[in-house]
Amino acid sequence: MHWLDDVHNAVAWANSLKTHLSKFWHLSYLVLLAVMVTLMGGLMLFLVDPNVKSLQDGVWSA
């Protein structure tokens, strides 16, 4: 069950990140801003670039 250990580690990491972000509000705003810029950039790539076939590809490229 190697993949189950990976999932457990990812969940533990996400909980740790949530704890740290709740202590430092300015850092959480910065992370939120980075996520929003990445999503908007991916959306723009998806809409403009004919080689980007899906929204997920656009976000990945952004």
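This is a predicted model: local features need pLDDT of at least 70, side-chain atom pairs count only at pLDDT 80 or more; totals for chains, interfaces and linings use all residues.
Residues are numbered from 1 along each chain as its sequence is written, and side-chain values use heavy atoms, with hydrogens and water left out.

Q: What pLDDT does the protein average, and which element has the lowest mean?
A: With pLDDT being the predictor's confidence in each residue, from 0 to 100, the protein averages 85, and 98% of the residues score at least 70. Helix α1 (residues 2-23) has the lowest mean pLDDT among the elements, 82, whereas α2 has the highest, 88.

Q: How many helices and strands make up the secondary structure of the protein?
A: Helices (H or I, at least four residues) and strands (E, at least two) are DSSP runs, numbered from the N terminus. On that basis the protein comes to three helices and zero strands, and its elements run α-α-α from the N terminus on.

Q: Why does L39 count as partly exposed?
A: Buried means under 20% relative accessible area and exposed over 50%, with partly exposed in between (1.4 Å probe, protein chains only). L39, found in helix α2 (residues 25-48), has 40% relative accessibility and therefore counts as partly exposed.

Q: Why is V59 placed in that class?
A: V59 has 24% relative accessibility, so it counts as partly exposed. V59 is found in helix α3 (residues 55-61) and touches T38, L39 and G42, not counting residues up to four places away in sequence, where contact means heavy atoms within 4.5 Å.

Q: Why does L27 count as partly exposed?
A: L27, which lies in helix α2, has 35% relative accessibility and so counts as partly exposed. The C-alpha atoms of L27 and N9 are 23 Å apart in space, the two residues being 18 apart in sequence.

Q: What share of the residues in the protein is buried?
A: Buried residues make up 8% of the 62 residues.
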